[in-house]
Amino acid sequence: MELYDRIHYPLLTHSYTHPDRLAVVGRLMGLMPADAASCSVLELGCGSGVNIIAMAELLPGSRFVGIDYSQGQIEAGKAIASRVGVTNVELQAADVLDLPDAFGRFDYIIAHGFYSWVPNPVRQKAMRLIKHSLAPRGIAFVSFNAYPGWHQFGALREMMLYRTRDIADPAEKVLAARAFVAMVAETQSDDDPFGLLVREYSSSLHGRGPMPEAQFVSTLIHDELAEINQPFYISQFIEHVNSEGLDFLAEADLEGSTPVGMSEDVLNVLNAIATSRLDMEQYMDFMRNRLFRKALLCHADAPVSRTLSAGAAALSGLYVGSAAGPQDDEAALGGVNFVAPDGLAYSTDQPLLQSAFQHLAAVRPDVVLFEDLLAHATAAAGPSEGAADALAAALLRNYLHGRSLVHFHTFRPPIVTSVSERPRTTAFARFTAGVDIDDTTNVRHERITLTTEMRALLPFLDGEHDFTAILEGAKSALVEPVTEVEVRHELQWLARTAMLLG
Ligand SMILES: C[S@@+](CC[C@H](N)C(=O)[O-])C[C@H]1O[C@@H](n2cnc3c(N)ncnc32)[C@H](O)[C@@H]1O
């Protein structure tokens, strides 16, 4: 029996694989891919398919197909899909090796946690399938473990594999690996670079905190301790991509494909030594010691513009959001400082940009059409020549700094920002409340850590229960007493984290 049938991969969703995220990068690069709201998506090695099940619930006009050779995971996924009530997801138990190269026509193809973890013939097959099944303006997402960063992790993986080579039971294997790494960590001196690495890794194994044991066992067994876990340099990967008539479009987090944060001196050297755009990607991975790649691919002959246009036309029709809010800060020197929960900050003394970011803060976690944001900002700050381009340039700069400052969307996710009479979250979130996993997924397909309070409340957020019923439900589900104020507070927090759609 396959290991994945015995130990299912955890039920994880991956925000950066969402067609909306891929469509935004495509749009910014001049490739006009299909709208996320009416597209077709194929996921290879989908596990139980929860990633596409969660997407499918909120994109009823799109079609999703998931392939995995683990029959057990596919059966589990079908049960989840029917519980969530989605009918636009088709899950198939099949080996990618047995699929025809032309397996249909998909606007988006996802292979997450796949390429590094399968034998070479499967990698070759997956790339051929992407070439022959991707729509002309389609985008494929392929992640893999990357060198040079993975060289260090390779040392940790190999010591764990050696230590556990005679242990068959997965749970025992994981415990032995963890204990051994902890012992190695303790014996290293404080200032030794290897000591630093192994201690940090060891505490990540212990510090997975509330991670349920089953999820911890599954990720370690299937990721670090997997029989095949082959990292690649981005240059090797791109060679493979090019050999199939495909091209590397960009890193899914677009800032990873741009030299954000590098000094001009460093950039000058890199520009002088890099022989091509793709060569530059490799140099950036050396500079960043990157250990994981989330690569986006397109057809080699797809109409793509390699220079990002910072003008207003590039953002026309896109929705804009920000997690940042204004903060009093002397460092802003007469300007306004906007700070996101992850600490990223943007400071501006320009009235146009201040009012735009004030507006984005006011509508959080909702988003606003670029044209409406521009109208709002110019109404507040007064019209000025070049306002549209100035706003677009500032938004794009911040987007490339990190998505918490600015995120773009090709459609408006159905988020509500205030708590209604009978609040509603997604059926997928209600399902996750009762499952032994760490995270649920919000309306924007981002992971949100499941707290005890959330587990108690989410099942009642189906648009049928009013506040009194929700409060009673929470009281009976929680061991600790809970007050009306606390439940109201929790509901408001859910609205702020984009968990509510009604
Ligand atoms: C590391 S898991 C990743 C699961 C999911 N994509 C994720 O990232 O959460 C790899 C998945 O690929 C599947 N897989 C491996 N080889 C395969 C093959 N040849 N054909 C189909 N699925 C395969 C496994 O069953 C497993 O579910």
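**Ligand site, pockets and cavities**

The second largest pocket draws at least two lining residues from each of α1 (3–6), α3, β2 (63–68), α7 (170–187) and α9. Helices (H or I, at least four residues) and strands (E, at least two) are DSSP runs, numbered from the N terminus. The model is predicted, with pLDDT of at least 70 needed for local features and 80 or more for side-chain atom pairs, while totals for chains, interfaces and linings use all residues. Residues are numbered from 1 along each chain as its sequence is written, and side-chain values use heavy atoms, with hydrogens and water left out.

A pocket is an open set of points on a 1 Å grid over the protein atoms alone, with protein on both sides within 12 Å along at least five of seven lines; a cavity is a set of points where a 1.4 Å probe fits but cannot get out, and lining residues have an atom within 4 Å of a point. Grid points are joined across faces, edges and corners, and a volume is the space filled by probe spheres set on the points.

The second largest pocket has a volume of about 950 Å³. Its lining numbers 43 residues, and Y4, Y69, W117, H222 and A226 are the closest to its centre. By class, this lining has 26 nonpolar, ten polar and seven charged residues. Here Ala, Val, Leu, Ile, Met, Phe, Trp, Tyr, Cys and Pro count as nonpolar, Asp, Glu, Lys and Arg as charged, and the others, Gly among them, as polar.

The space taken by the ligand is this second largest pocket; a molecule sits in a pocket or cavity if more than half of its atoms lie within 2 Å of its grid points. The ligand is surrounded by 18 residues, of which H14, G45, D68, D95 and H112 are the closest; a residue is near a molecule if one of its heavy atoms lies within 4 Å of it. This shell divides into eight nonpolar, seven polar and three charged residues.

D68 places one 2.6 Å from a ligand oxygen atom, and H112 places one 2.7 Å from a ligand oxygen atom. The protein covers 97% of the 590 Å² of accessible area that the ligand has on its own, as given by the Shrake-Rupley method with a 1.4 Å probe.

The largest pocket has a volume of about 1400 Å³. It is lined by 50 residues, and T13, H14, S15, Y16 and R447 lie nearest its centre. Two or more lining residues come from each of α6 (149–163), α8 (193–206), α9 (213–222) and β15 (447–449), with α8 giving the largest share, three residues. This lining comprises 19 nonpolar, 16 polar and 15 charged residues.

The count of cavities of 30 Å³ or more comes to five. The largest has a volume of about 100 Å³, and its lining includes H18, M55, L58 and V443. Both α2 (19–28) and α3 (50–58) supply at least two residues of that lining, which divides into six nonpolar, two polar and four charged residues.

The second largest cavity, with a volume of about 70 Å³, also has H18, M55, L58 and V443 among its lining residues. Four of its lining residues, the largest share, come from α3. By class, the lining has five nonpolar, five polar and one charged residues.

Key
Polar contact = N/O pair within 3.5 Å; in protein donor to acceptor, adjacent residues only side chain to side chain.
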